[in-house]
Structure formats: structure tokens, C-alpha cells
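Good morning, everyone, and thank you for making time for this. Please take a moment with the sequence and the model before I go on to the charged side chains.

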Amino acid sequence: MSATNQTSFLGLSSWLSGDKPQRSDFNSDNQKVDDFAAEHTADMQHHLSDEDREKFDLPYYMGVYYGDNQASRTVATQCPFEPQLCMVFCINSAVQQSDFEIGRSVNRVGLASVRGGTPGIGISGCNITVQNIDAFASSDEWIRLNESGKTYFYFLLR
């Protein structure tokens, strides 16, 4: 005799002491468990896809580049994803410096997103475009994101 009772959730066999288990009971129970597990793991409402999981595993990427004094330069970051936001700053340098003797202000930081950013920086795919701009908004405001002899750090976010 097959199982007298069944479990309430999956309907698996639940035998009483007088029941005589049959091979078909075990096969049926195994199939129910397998079907449930397959349906559950395929349900992307309850589980992350590999693509979603990767976003949590690697939400940012960092690196450096060395200024070469070109007016405009594309930095190939080798980032494994297409970032949505980028920040660049000059290492061991003030973010903004003013030289009152010559009346000049120099900015060495930039922030870019796929929708726009501060002057002198842009992002396209995995690449960053940085610039040295003389007299940006006025004759005394300069942007320096690619000065020769300087090291720049970049931080990319998904």
C-alpha cells in the first residue's frame, strides 16, 4: 500500500507504520521535488540573474593615468562594464588652486555622467575624455585634467 498521508506543501509521501512504500512513491516524490526546485531557481523575481549578480559583485572600478599635456585625450580604462558615473582628480594636488599674482584659478577635478558633467571631462562607453582648457568660463579659470608630470586617479561607477 502506498503512503496513507501526504505532506501539505509538496504532497510528498508521508507513511504510517502499516504502509508499504512502493518504488513509484519515491519516483513520484523525487519528481515533485525536482519540478519544484527547477521552477523556483528559474524564477527571476526571487533570484538574481548572472547579469544582476555581476552588478553587485563589481559596482565600481578604479585606476590611474599619467598626464601627457595634450589639450584633449581619451583614456582607455579597461573597465569591465560601461560606467554611468566617473570622477577624476589629480593625486597629491589641491582640487582647485588660485594664483593671485597672475590672477588664475586652476581646477584639477572632474565629474562626468552619461548625461553630462563638469567642464573638461566626458565619458563614452568605458573611455574617459579629459582636457586641459585655458580660459574656460573666463580668462582666469583653467581646467587641468591632463597636465604633464601629474598622476590622475579615476573612479567609475555602474
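Does Asp134 count as buried, partly exposed or exposed, judged by its relative accessibility? At 47% relative accessibility, Asp134 counts as partly exposed, because the exposed class begins only over 50%. Please keep in mind throughout that we are looking at a predicted model.

Asp134 has a partner, Arg144, and the two form a salt bridge in which the closest N and O atoms are 2.4 Å apart. This pair links distant parts of the chain, since Asp134 sits in the loop between β11 and β12 while Arg144 belongs to strand β12, 10 residues apart. Arg144, for its part, is buried, with a relative accessible area of 10%.

A search of the whole structure finds three salt bridges, so let me turn to the others.

One of them joins the side chains of Glu147 and Arg108, with 2.5 Å from N to O. Here again distant parts of the chain are linked, with Glu147 in the loop between β12 (141-144) and β13 (151-157), and Arg108 in the loop between β7 (104-107) and β8 (109-113), 39 residues apart. Both Glu147 and Arg108 are buried.

That leaves Asp68 and Arg73, whose side chains meet in a salt bridge at 3.7 Å, N to O. Asp68 is partly exposed, with a relative accessible area of 33%, whereas Arg73, at 18% relative accessibility, counts as buried, because the buried class covers values under 20%.

Key
Residues are numbered from 1 along each chain as its sequence is written. This is a predicted model: local features need pLDDT of at least 70, side-chain atom pairs count only at pLDDT 80 or more; totals for chains, interfaces and linings use all residues. Side-chain values use heavy atoms; hydrogens and water are left out. A salt bridge is a side-chain nitrogen of Lys or Arg within 4 Å of a carboxyl oxygen of Asp or Glu. Buried means under 20% relative accessible area, exposed over 50%, partly exposed in between (1.4 Å probe, protein chains only). Helices (H or I, at least four residues) and strands (E, at least two) are DSSP runs, numbered from the N terminus.
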